[in-house]
Amino acid sequence: MTDIAVPHDLWDDGREAAISVWLYADGDPVEAGAVIAEIMVEKTSYELVAPSTGRLAILVAADEAVAKGQVIGRVD
Amino acid sequence: MSSPEVRTAARRLTIAKAMSEAIGQEMARDPSVLVMGEDIGKLGGVFGTTSGLLDRFGPERVRDTPISETAFIGAAVGLAAQGMRPVVELMFVDFFGVCMDAIYNLAAKQAYFSGGQVTCPMVLMTSVGGGYGDAGQHSQCLYATFGHLPGMKVVIPSTARDAKGLMLAAIRDPNPVIFMFHKALQGMGWLGTVAGSITDVPEDDYVVPIGTAAVVREGSEVTIVALGHGVHQALDAAHELEREGCTAEVVDVRTIAPLDRATIRRSVEKTGRLLVVDDDYLSYGFGAEIIASICERGIALRASPARIAYPDIPVPFTPVMEHFVLPNADKIVAGVRRMLEQNR
Amino acid sequence: MNGKSNASVRLWMYATMVKSRHFEALIKPAYFEGKTPVFNMAKGPIPGEMHLSDGQEPCAVGVCAHLRSDDSVTATHRPHHVAIAKGVDLKAMAAEIFGKRTGLSGGRGGHMHLFDARVNFACSGIVAQGLGPAVGAALAGKLRGSDTVAVAFLGEGAANQGAFHEALNLAAVWRAPVVFVIEDNSYGISVAKRDCTAIARNADRAAAYGMPGRFVPGNDPDAVHDAAGEAVALARAGGGPSLIEIETCRLEGHFIGDAEGYRPAGEVDRLKQRDPIAAFRQRLLQDGFDPADLDTAEAEARVEVEAAFVAARAADYPQPEEAFDHVFA
């Protein structure tokens, strides 16, 4: 089981970020390296990849604000 | 088990990513392909259609243009006549007003006027659709406007998978292809995206043939014909209707011109009821064409055909007005229910 | 002429620039309501696109200082500063941007389609679309024997659009009393002017159409006022059209939500240090204006803007069925 965490170095301090879209649904199979979500930091979008192969568990829904390092999902 | 190229954990793309992937793959394969338009270089396209291409292929093949649509679309026709394959972006379909001559009188008539000596293998990709408050000059669809005029093919994918396949087909087609992408499906974080448009997309080379509609949901009580955003609304409506014991068949036309009338007719022959969903203006529109194509064949209908379309008014800015007039799943459900009440 | 207009006009220009900037300053947070944490353009009390005019105020006030309410102005997708300088009803303008019933067009147009027939102001979201209508409005005045003029505002990107070239040629052929004002803020969305325009000075294009062309550097309201005064006087006297190219700057993104990755690092900060409003205030003080007068003008401008926003928020939305009104007259 691997955590999917928002990278610490994705953006500068003091800016708000949120998950703009999950490309997979909770329970979907995902492959290591596949782009699984997009995070918007103010006006810029960043891709988040699956850290391992397995089944996706979504812990934080789209449109929710996220912090650096926050665990937003898991791959089981 | 599914066919070899569709693995269980295939990667998911947005329509924007699928489009830029298709263009990039084709540019790598075929040196005659080039891309141009406003903000398609450094920015990667306002709607993400060309992201990464400038870095990969350089400014000779990926060109940011001045705000000169007539000139660069005209130039694309000239490039195409010389055997190149330009992919051109018209940022919003609403802007066609400033350059329509180059499209419908020039590009679309090259093969005809030259008796086949000269072709125009050009793709004109353009954003369509509203529902996010961009008002009357940035929210239009114009499916019928383009579908009506001879000499050009017009496609509109509803999923990322179809987007890549249609783009590869479009670039390879020797004819001008208008590739419409709906803003509600594109995958831009700042626009809001219908989840169903994000799908598995094979990495390899594959084509969705232009001129083929797809039955995306099978049913026997009614045929709902739709395109773009309307396909997803129709699927939502079908899901709702199934709970009431009505199975709706949903047909995604994918190509506006040439229209796959055969697939639509087969479906309506099966169900006997026809409802068309169209977020373009009602009169003289896509819905009218579908209904005429059925009625003129004398296909037996259990109910009067219907269209859920955008009315004949400019797109209003304020959301209470805009959302009041836009098609949506509830209107589709209500429309089908009305149809079921008619018993012929 | 030493390029300085009389004191009351300069005070009006200052107050109007402040009013304009304050309007944008209230629009921005209102626009962001409902659009956090995810910036979804469809959400909030002001949906859709928003193109702010911060930095371009000198272009609007320097020109509109010479205009009467019966002179016509057409503007672009970035219209607020021009509308305010032209005297558009501020309450109705704010209400229109909020999509309310009391808006200039009852919510049908929104921020890019502001019309105020009382002061002959219109704007459009299609690049260069306003040029032809300005030529026509100018001709109407001429045919009626009045001395009204028309002004078309456009961006430097629009100078590459076919409609620009047609309108200038036609204006010259008709000797129409129209002034074309290019607000050169260096960018057409992400594309820099130097990358898409064949010549360095759009003012030089005027010669191709048989009319005077003047470049105004420095984003300076006094200099704009001087150039515009000449062009408007020429038009009113029956001398035909002119082209003015103003060097200005865009302090915000093309639209709110634009990440502006195409602008070199530090560029916006450098431009903000040369904010035209602060610079003009400095100059007015140096010229002997009483700071209390400037403060009063500023305070009045803010009060007017704030009242407009309060009224806009309080106003009702239209009934949805009203979408069908005014399709035809």
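How many residues does the contact take from chain B and from chain C? To see this, select both chains: the contact takes 40 residues from chain B and 44 residues from chain C, where contact means heavy atoms within 4.5 Å.

Before going further, note that this is a predicted model, in which local features need pLDDT of at least 70 and side-chain atom pairs count only at pLDDT 80 or more, while totals for chains, interfaces and linings use all residues. Residues are numbered from 1 along each chain as its sequence is written, chains are lettered from A and ligands numbered from 1 in the order in which they are written, and side-chain values use heavy atoms, with hydrogens and water left out.

**Stop 1: chain B against chain C**

Keep the two chains selected and colour the interface by element: chain B and chain C bury about 3,200 Å² between them, 67% of it on carbon and sulfur atoms, buried area being the accessible area (1.4 Å probe) that two parts lose on being put together, summed over both. Now pick B:Ile67, B:Trp190 and B:Phe317, which supply 21% of the area that chain B buries against chain C, more than any other three residues. Next show strand 4 (85-92) and helix 11 (319-325) of chain B, each of which supplies at least two residues of the side that touches chain C; helix 11 gives the most to that side, with five residues. Helices (H or I, at least four residues) and strands (E, at least two) are DSSP runs, numbered from the N terminus.

By class, the side of chain B that touches chain C has 23 nonpolar, ten polar and seven charged residues, where Ala, Val, Leu, Ile, Met, Phe, Trp, Tyr, Cys and Pro count as nonpolar, Asp, Glu, Lys and Arg as charged, and the others, Gly among them, as polar.

**Stop 2: chain C against chain A**

**Stop 3: the nonpolar cores**

A nonpolar core is a set of buried Ala, Val, Leu, Ile, Met, Phe, Trp, Tyr and Cys residues joined through side-chain atoms within 4.5 Å, and buried means under 20% relative accessible area, exposed over 50%, partly exposed in between (1.4 Å probe, protein chains only). Select B:Phe146, B:Phe179, B:Met180, C:Phe23 and C:Phe121, which touch the most other members of the largest core, a set of 159 residues. Helix 1 (residues 7-32) of chain C gives the most to this core, with nine residues. Centre on C:Phe23, whose contacts beyond four places in sequence include C:His80, C:Leu90, C:Val305 and C:Phe309. A second, separate core of 25 residues includes A:Val6, A:Trp22, A:Val30 and A:Ile39.

**Stop 4: single residues**

Go to B:Thr263 in helix 9 (residues 261-271) of chain B, which is buried, with a relative accessible area of 11%. The side chain of B:Thr263 makes polar contacts with the side chain of B:Asp260 (2.6 Å) and with that of B:Arg266 (3.3 Å).

In the loop between strand 12 (255-257) and helix 9 of chain B, select B:Pro258, which a cis peptide bond joins to B:Ala257, with omega about 0 degrees. In chain C, the peptide bond from C:Thr36 to C:Pro37 is cis, with omega near 0 degrees.

Finish with two backbone features of chain B. B:Ala135 has a positive phi of about 65 degrees although it is not a glycine, and is buried, with a relative accessible area of 3%. B:Arg254 has a positive phi of about 60 degrees, again without being a glycine, and lies in the loop between strand 11 (248-252) and strand 12.

Technical notes. A polar contact is a pair of N or O atoms within 3.5 Å; within protein, one must be able to donate a hydrogen and the other to accept it, and residues adjacent in sequence count only if both atoms are side-chain atoms.
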